[in-house]
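The following exercises treat one structure step by step.

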Amino acid sequence: MDKIYIVAEIGCNHNGDFDLAKKMVEKAKEAGVDAVKFQTFKAEQLISKFAPKAEYQIKVTGNTESQLEMTRKLELPYDEFVKLEAYAIELGLDVFSTPFDFDSIDFLASQNQKMWKIPSGELLNLPYLEKIANLDIEGKELVLSTGMATVDEIKMSLAVLEKNNVPKDSITILHCNTEYPTPFEDVNLNSITGLQKEFGDYKIGFSDHSPGYFAGIAAVPYGITFIEKHFTLDKNFDGPDHKASVTPEELTLLCQGIRAVESSLGSHEKIVTKSEKKNKIVARKSIVAKTAIKAGEVFTIDNITTKRPGNGISPMSWYEVLGKVAEKDFSEDELIEHSEFVAQEV
């Protein structure tokens, strides 16, 4: 299988602080991700002054300020994103950002961004979908997150993209649950299989908002091609998403776990691998002399037994060997040999 593309979702967890954002890029690189992702927005274009906070936002940031006021503090100026983008590329990372308004789409398009993440909240935003779909960028890839969505709603969104000439093979659909953090009982990894059956012409990935890194590793055998995980340097920082994010240590374990499981999946064929074949002689047994045996004596349960190593006559021939006549002398523990039997392959 191809390697899963691992994205550290920095999002707005930099809290509008350029130096913190730069440090997060460094830590994400150390953890082993393929890419870092930001969120680009102008709060006034994203949120109405009448928009309430989400329950999880109230829980971690209180209710003394509006969603708009909270979000203003999380903006990352365009010029600072450009510097962070260059720094991430210098470190060998891919970098992209999710736009939340039309000005931000235009800005990221001016940067010739190749990968465009459509967040769950914009899944049914027709003009937003059309604008991104019609961006004239060579090699453009779309990643569609599906939190809060039904299959019919996903189909509606895909229909808009395809009507605007976005090829299916450039779209990745992400299984997602839009709760921060997502309770484990709501992660529903099995729905990845359902998405693969329903949308067989598309790549399928996972946007994981559950606690820690367990679900992300568990998703690997489902055949996902892309995974993103919210990332923070400290879950106790002020801001709405830190509590539902992984630390650098957890992100490292996620990356290591994903790569280990990828390597472990193998094929559907049960084979003897190169690494284990050499241990056959050590771990398997052969028929050996239980006591000293003279030529001409009959092999019985009293004078033969099975012991390691496994390069003699197989114990699977036990009953055929019993009753045969020894063709030579054997000392105790010596491998039994007989002209009618071949030694095991090792």
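**Exercise 1.** Which backbone nitrogen lies 2.7 Å from a polar atom of the side chain of N303? Describe the surroundings of N303 as well.

*Solution.* The model is predicted, so local features need pLDDT of at least 70 and side-chain atom pairs count only at pLDDT 80 or more, while totals for chains, interfaces and linings use all residues. Residues are numbered from 1 along each chain as its sequence is written, and side-chain values use heavy atoms, with hydrogens and water left out.

Step 1. The backbone nitrogen belongs to T300. Such a polar contact is a pair of N or O atoms within 3.5 Å; within protein, one must be able to donate a hydrogen and the other to accept it, and residues adjacent in sequence count only if both atoms are side-chain atoms.

Step 2. At 2.9 Å, the side chain of N303 also reaches the backbone oxygen of V298.

Step 3. N303 is located in the loop between β9 (286-289) and β10 (304-307). Strands (E, at least two residues) and helices (H or I, at least four) are DSSP runs, numbered from the N terminus.

Step 4. With a relative accessible area of 7%, N303 is buried (under 20%, with a 1.4 Å probe and protein chains only).

Step 5. Leaving aside residues up to four places away in sequence, N303 touches V288, A289, K290, T291, I293, E297 and V298; contact means heavy atoms within 4.5 Å.

**Exercise 2.** What is the volume of the largest pocket, and how many residues line the pocket?

*Solution.* Step 1. A pocket is an open set of points on a 1 Å grid over the protein atoms alone, where a 1.4 Å probe fits, with protein on both sides within 12 Å along at least five of seven lines; lining residues have an atom within 4 Å of a point.

Step 1. The volume is about 690 Å³, taken as the space filled by probe spheres set on the points, which are joined across faces, edges and corners.

Step 2. The lining has 32 residues, and Q39, Y56, Q57, F100 and Y180 lie nearest the centre.

Step 3. The largest share, 3 residues, comes from α4.

**Exercise 3.** How far apart do the C-alpha centres of domain 1 and domain 2 lie?

*Solution.* Step 1. The domain assignment, automatic or from a database, gives domain 1 (5-265) and domain 2 (278-335).

Step 1. Their C-alpha centres are 64 Å apart.

Conventions: Buried means under 20% relative accessible area, exposed over 50%, partly exposed in between (1.4 Å probe, protein chains only).
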